[in-house]
Amino acid sequence: MPRTKLSRERLVYVRETYVGRIIIFCEGQTEQYYFDYFADILNKDKYNDVEVKTELGGGNAQGVLNAANKFLKDEHNNRKFDKYKKYLAFDCDAPSDVQRVINDAAASANDYKLLVSNFLFEVWLLMHFEDITEEYKRQTIYNKLTEHLNVEYKKASKGIIRKVISNGDIEKAIENAKLLDEQYAKENKSIFSSIEIMNPYTNVYELVEQLLVAISK
């Protein structure tokens with residue numbers, strides 16, 4: 001399992017963080033396969049339970065929120081996942097009023113934690129190989145991933161996700177995403193007010209860092 005453990009220095013920094021029981025509602029299978037990679041490792045430990053849901057996603061940010069709300073409204077699901085941390089993972093390419101979706105999700109009684117990528121989840125994947133500081137078009141991102149992976153990038157591919165994690169550098173991705181986050185904060189921008197002008201952006205690192213800590217223990 002190459003490059004999926006954090007350095008000793010980072011472990012000290014986040015030593016109080018743990019995963020425990022979480023459920024992640026994803027927009028698509030690309031995100032699902034990425035989080036499944038870590039869930040498969042962590043769920044071997046009885047103290048962790050990482051559930052990943054995507055088939056109900058609906059294809060965009062609004063669909064993810066709707067699906068999560070519907071899923072948790074079910075009495076059985078609500079009881080089972082009541083104590084779980086609940087994450088929504090989605091892109092910002094749709095719908096056009098994605099800022100409203102983010103604010104609706106943040107205001108939900110389900111206490112969602114948001115994993116937002118602008119404008120694509122692939123921004124996070126590309127950070128495994130290079131620093132991203134400027135906005136790229138969709139095809140440019142795909143082309144860059146193809147170059148790094150030495151195979152055509154395709155969405156919803158378990159093999160591609162394994163190659164990203166195995167051949168890329170997750171710590172590099174975390175650092176890149178964190179630096180962008182800090183820069184936006186200095187400019188008084190946040191996903192709750194300014195997502196449309198925060199491109200590139202992803203805060204997926206916030207959960208991934210926790211997953212890696214749990215794996216490294």
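1. In this predicted model, Phe 35 is in contact, once its neighbours within four places in sequence are left aside, with Ile 24, Cys 26, Val 52, Ala 89, Leu 115, Val 204, Leu 207, Val 208 and Leu 211. Phe 35 also belongs to the largest nonpolar core, which has 74 residues, and there it is listed with Ile 24, Tyr 34, Leu 88 and Trp 124 as touching the most other members. In soluble globular proteins, nonpolar side chains tend to be buried together.

2. A search of the whole structure gives 11 aromatic pairs. One of them joins Tyr 34 and Phe 121 in an edge-to-face arrangement, with 5.7 Å from centre to centre and 75° between the planes. The two residues are 87 residues apart, and the pair links distant parts of the chain, since Tyr 34 sits in helix H2 (residues 29-42) whereas Phe 121 is in the loop between strand S4 (112-118) and helix H6 (122-126). Tyr 34 and Phe 121 are both buried.

3. Tyr 142 and Tyr 153 form an aromatic pair that is tilted, with the centres 5.2 Å apart and the planes at 45°. Because Tyr 142 lies in helix H7 (residues 138-149) and Tyr 153 in the loop between H7 and helix H8 (158-167), this pair ties together parts that are 11 residues apart in sequence. Both Tyr 142 and Tyr 153 are buried.

Conventions:
Residues are numbered from 1 along each chain as its sequence is written. This is a predicted model: local features need pLDDT of at least 70, side-chain atom pairs count only at pLDDT 80 or more; totals for chains, interfaces and linings use all residues. Side-chain values use heavy atoms; hydrogens and water are left out. Rings of Phe, Tyr and Trp (its six-membered ring) pair if their centres lie within 6.5 Å; planes under 30 degrees apart count as stacked, over 60 as edge-to-face and the rest as tilted. Helices (H or I, at least four residues) and strands (E, at least two) are DSSP runs, numbered from the N terminus. Buried means under 20% relative accessible area, exposed over 50%, partly exposed in between (1.4 Å probe, protein chains only). A nonpolar core is a set of buried Ala, Val, Leu, Ile, Met, Phe, Trp, Tyr and Cys residues joined through side-chain atoms within 4.5 Å. Contact means heavy atoms within 4.5 Å.
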